[in-house]
Amino acid sequence: MLDSKIPSGPIEQKWNNRKFEGKLVNPANRRKHTVIVVGTGLAGASAAATLGEQGYRVKVFTFHESPRRAHSIAAQGGINAAKNYQNDGDSVYRLFYDTIKGGDFRAREANVYRLAEVSVNIIDQCVAQGVPFAREYGGTLTNRSFGGTQVSRTFYAKGQTGQQLLLGAYSSLMRQAGQKAIEIFPRQEMVDVIVVDGKARGIIARNLVTGELTAHTADAVILATGGYGNVFFLSTNAKQSNASACWRAYKRGAYFANPCFTQIHPTCVPVSGDYQSKLTLMSESLRNDGRVWVPLKAGEKRGPNEIPESERDYFLERMYPAFGNLVPRDIASRAAKRMCDENRGVGPTGLSVYMDFRDAIQRLGSATIAEKYGNLFAMYEKITDENPYQVPMRIFPAVHYTMGGLWVDYNLMSSIPGLFVAGEANFSDHGANRLGASALMQGLADGYFVIPYSIANYIGGTSLAPVKNNHEAALGSLAESKARIDALMKAKGGQSVDQLHRKLGKVMWEFCGMARNEAGLKGAISSIQKLKDEFANDVRIPGDEHLNSELEKANRVSDFLELGELMCLDALERKESCGGHFREEMQTPEGEALRDDKNFSHVAAWEFTGKTPKLHKEPLTFENVHLAQRSYK
Amino acid sequence: MKLHLKIWRQKGPKETGAFKDYTVDNASEHMSFLEMLDFLNTSLVQKGEEAVQFDHDCREGICGSCSLMINGNPHGPETGTATCQLHMRKFNDGDTIVIEPFRAKAFPILRDLCVDRTAFDRIMAAGGFCSINTGNAPEANSILIGKETAEKAMDSAACIGCGACVAACKNASAMLFVSAKVSQMALLPQGDPERGKRVRGMVAQMDQEMFGSCSNTGACEAACPKEIKLENIARLNREMLRATFVE
Ligand SMILES: Cc1cc2nc3c(=O)[nH]c(=O)nc-3n(C[C@H](O)[C@H](O)[C@H](O)COP(=O)(O)OP(=O)(O)OC[C@H]3O[C@@H](n4cnc5c(N)ncnc54)[C@H](O)[C@@H]3O)c2cc1C
Ligand code: SF4
Ligand code: FES
């Protein structure tokens with residue numbers, strides 16, 4: 001059964017209680033224990049650095065060339081923390097409340113409260129590392145606002161917050177590497193978990209340069225391998241972000257929770273052609289000053305600057321006066337889709353809406369706007385060849401983040417003992433919709449402040465007999481991994497991996513994207529099953545096993561195909577609308593998501609069986625926040 | 001548009017490489033440069049030929065993965081732009097484009113256009129940090145830093161570690177990269193306690209990694225996609241002097 005291991009006591013005391021009750025490992029004994037960390041994004045780098053500082057022997061794996069290149073580097077807008085520096089009514093409790101409500105009441109209260117609690121320490125830690133956050137003239141830290149909140153609690157470093165936070169964590173990681181406390185294995189991809197007597201005891205890694213497969217054993221394994229948005233082919237994620245680490249763990253017994261909870265971000269540069277390889281985010285911070293609108297008239301042909309004020313529909317401000325342009329992402333995305341469905345979308349394809357800075361430029365001057373968003377404006381202009389200081393940006397929703405992920409308990413341990421999951425890879429804190437600037441917060445909370453306690457508690461409280469690299473479980477995993485690669489290399493079809501991946505993406509976007517319904521999901525499942533066969537028979541991977549991007553992609557896309565099917569199954573099973581999961585059958589008369597708390601107030605955790613996956617339900621109880629229909633009006 | 005490509009192909013670090021000619025018909029001017037290469041690769045794969053290997057990830061100019069010498073320029077012709085943000089509209093129909101890896105002794109070629117830039121990580125491990133263990137940090141607003149200083153530090157911190165500065169330099173010097181990190185830390189009070197140790201450690205590691213010396217020609221600054229300024233190198237030199245005489 002699923003035991004979330006939530007500590008006893010009132011919500012404010014739970015984390016303290018856990019820290020006090022948890023087992024510890026004496027400093028002299030720590031170096032006898034090896035911990036493997038897969039991934040060097042915010043979650044992985046911060047966890048590895050901290051465990052290294054504490055004296056564990058740490059091995060870090062990343063498929064990237066350098067730990068600093070992890071996808072976290074691309075985060076733009078900011079990181080939340082309940083510092084209340086603006087004296088505008090923020091508190092740990094309010095951040096907790098906003099996150100639970102923003103997630104449409106599908107997250108665990110205890111986890112979210114802890115996240116809000118440690119958020120304040122994160123900022124301290126990052127500043128001490130030399131992260132150059134934006135500041136006021138007086139020298140104190142400054143903040144901006146993000147969606148789904150009415151306070152200003154987002155810390156930022158220009159439009160490069162993820163970069164600066166990651167470089168901070170990376171610098172701590174490299175310090176430990178320099179002191180030989182941590183060994184880093186770059187360009188190595190984890191392809192399997194080694195499970196011995198039901199416990200995670202290591203990984204199989206593939207050296208992407210030489211093609212060699214190697215078993216690495218350890219006392220605990222931490223997956224911090226990011227999200228799976230690239231199932232959709234087109235997303236704002238980095239091109240190589242993938243789900244393989246989590247998927248292979250799923251196949252070894254780790255449950256996959258809420259796979260259908262994906263976030264479609266409202267403000268991305270629209271698709272321009274079928275050669276497109278990825279979509280680019282325009283940070284949510286822009287909604288502080290950008291006003292989103294479409295023409296009042298359907299089928300409008302005039303350019304944006306020719307449309308007078310009276311013929312513009314600032315639809316977010318009209319529909320949600322209390323939050324205006326800063327409604328949560330799922331709500332803003334669906335509203336934009338509705339405008340396009342009404343034939344009021346703009347641009348060559350009709351699949352975009354305007355985000356206009358005209359009024360902000362008049363109010364604050366272009367210099368101020370440039371100071372705040374200059375690099376985003378430049379990025380937009382490079383892609384579209386249009387100048388957003390003069391013409392409104394055109395934006396459209398795009399896949400951005402996955403709230404679902406491997407199921408973990410309060411200690412971030414998966415259903416395989418000894419296998420921990422941190423950052424976007426787990427499912428734990430954002431429910432059915434993540435608020436802006438909360439992923440960076442969660443990644444660093446997990447890595448700096450939660451994982452170290454969990455690892456001590458696990459290692460200190462478990463008897464772990466030594467396991468060698470040539471243990472039969474390791475050799476078995478090694479042989480299976482090799483067979484898989486060999487099978488992929490043997491296929492001699494006529495399609496590139498990308499061609500097949502795009503087909504999967506189209507199915508997912510159409511039927512498991514912004515709006516879902518029963519018939520569509522059922523159809524999608526059978527299309528994906530056909531695509532799997534097509535992939536097996538018709539993929540083509542020329543070349544050999546050393547440094548071959550086609551092989552890397554094939555390895556990942558074969559997992560995306562399986563995961564895509566599970567996402568559709570989960571979406572089919574959840575016959576309610578909540579957050580980013582919108583079942584067309586379940587909506588209010590105004591077209592808002594209609595939850596069914598009686599039947600679906602649970603986490604759906606899927607177990608791999610080899611046949612139809614088995615569904616386990618972890619009930620969610622709300623003792624501190626009153627369950628209510630979300631309203632941002 | 002139609003393009004003639006001359007692309008460097010090399011099987012492995014120890015093998016000899018050579019240029020190979022390709023023609024791409026029907027590229028769109030709205031494609032990014034890397035999308036144009038994806039397009040080429042799809043057609044190669046369909047013919048059963050090996051795809052051209054190149055590094056990339058974010059495709060937003062921030063991860064520092066992409067590289068490429070394009071017609072002799074690191075990251076191509078557009079200033080302040082990484083290869084992944086370069087679009088084909090900057091080229092003309094019928095152009096011949098020469099595509100090579102970043103070349104430097106310290107960046108061995110792994111295959112085709114992919115090089116190994118882990119030397120940068122080792123330089124970072126030699127001092128590119130503030131020594132602060134998790135949990136040790138003072139309250140964030142207890143360290144006051146003026147807005148302008150914070151912004152200056154941010155400008156230096158914007159380096160993406162791509163290595164274009166090295167590829168552009170006739171001596172393959174890594175001074176711009178190293179100076180960007182040294183400057184960020186030297187500007188901030190958090191970096192102060194270790195400033196001497198940091199600059200000495202990073203510079204010594206840079207020399208050990210076989211990067212060349214700096215002769216102040218400024219090719220690095222011109223090639224840098226993040227417009228990291230030469231004044232960082234001047235600051236590094238001052239930091240070095242200070243470390244020698246003051247500490
Ligand atoms: C464009 C963009 C902007 C964003 N902006 C914000 C923002 O402003 N604020 C915010 O809070 N959030 C933002 N997010 C979300 C946030 O950036 C991510 O959720 C977060 O950075 C994820 O961090 P992570 O550490 O979990 O994983 P990642 O940063 O994705 O790192 C994953 C790591 O795992 C490694 N890895 C994966 N699989 C394997 C494997 N099989 N073997 C070996 N290594 C592996 C990778 O090499 C990488 O090192 C943004 C996201 C995007 C796409
Ligand atoms: S200084 Fe510029 S060119 Fe050099 S590594 Fe940094 S970003 Fe790249
Ligand atoms: S691919 Fe990330 S900087 Fe170019």
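Modeller: In this predicted model, chain A and chain B bury about 6400 Å² between them, and carbon and sulfur atoms account for 51% of that area. Within the part that chain A buries against chain B, Arg69(A), Tyr275(A) and Lys382(A) supply 12%, which is more than any other three residues. Counted by residues, the contact draws 75 from chain A and 76 from chain B.

Turning to the polar side of this interface, the rule finds 47 residue pairs in polar contact across it, with both partners at pLDDT 80 or more. The elements of chain A that give two or more residues to the side touching chain B are α3 (42-54), α5 (109-129), α6 (161-178), α11 (366-384), α12 (439-460) and α16 (549-573). Of that side, the largest share, 8 residues, comes from α6(A). Sorted by class, the side of chain A that touches chain B holds 27 nonpolar, 29 polar and 19 charged residues. As for charged pairs, the rule finds 8 salt bridges across the interface of chain A and chain B; one of these joins the side chains of Asp385(A) and Arg89(B), with an N to O distance of 3.8 Å, which counts because the cut-off for such a pair is 4 Å.

The ligands can be described in the same terms. Ligand 1 is surrounded by 37 residues, the closest being His64(A), Ser72(A), Gly77(A), Met190(A) and Glu424(A). Backbone atoms of chain A also approach oxygen atoms of this ligand: a polar backbone atom of Ala43(A) is 3.0 Å from an oxygen atom of ligand 1, a polar backbone atom of Ser438(A) is 3.3 Å from one, and a backbone N or O atom of Ala224(A) lies 3.4 Å from one. Taken alone, ligand 1 exposes 1000 Å², and the protein buries 98% of that.

Ligand 2 has 13 residues around it, and the closest are Cys159(B), Cys162(B), Gly163(B), Cys165(B) and Cys224(B). In chain B, α4 (164-168) and α5 (175-187) each supply at least two residues of the shell around ligand 2.

Note on methods
Residues are numbered from 1 along each chain as its sequence is written. Chains are lettered from A and ligands numbered from 1 in the order in which they are written. This is a predicted model: local features need pLDDT of at least 70, side-chain atom pairs count only at pLDDT 80 or more; totals for chains, interfaces and linings use all residues. Side-chain values use heavy atoms; hydrogens and water are left out. Contact means heavy atoms within 4.5 Å. Buried area is the accessible area (1.4 Å probe) that two parts lose on being put together, summed over both. A polar contact is a pair of N or O atoms within 3.5 Å; within protein, one must be able to donate a hydrogen and the other to accept it, and residues adjacent in sequence count only if both atoms are side-chain atoms. Helices (H or I, at least four residues) and strands (E, at least two) are DSSP runs, numbered from the N terminus. Ala, Val, Leu, Ile, Met, Phe, Trp, Tyr, Cys and Pro count as nonpolar, Asp, Glu, Lys and Arg as charged, and the others, Gly among them, as polar. A residue is near a molecule or strand if one of its heavy atoms lies within 4 Å of it. Accessible areas come from the Shrake-Rupley method with a 1.4 Å probe; for residues, only the protein chains shown count as cover.
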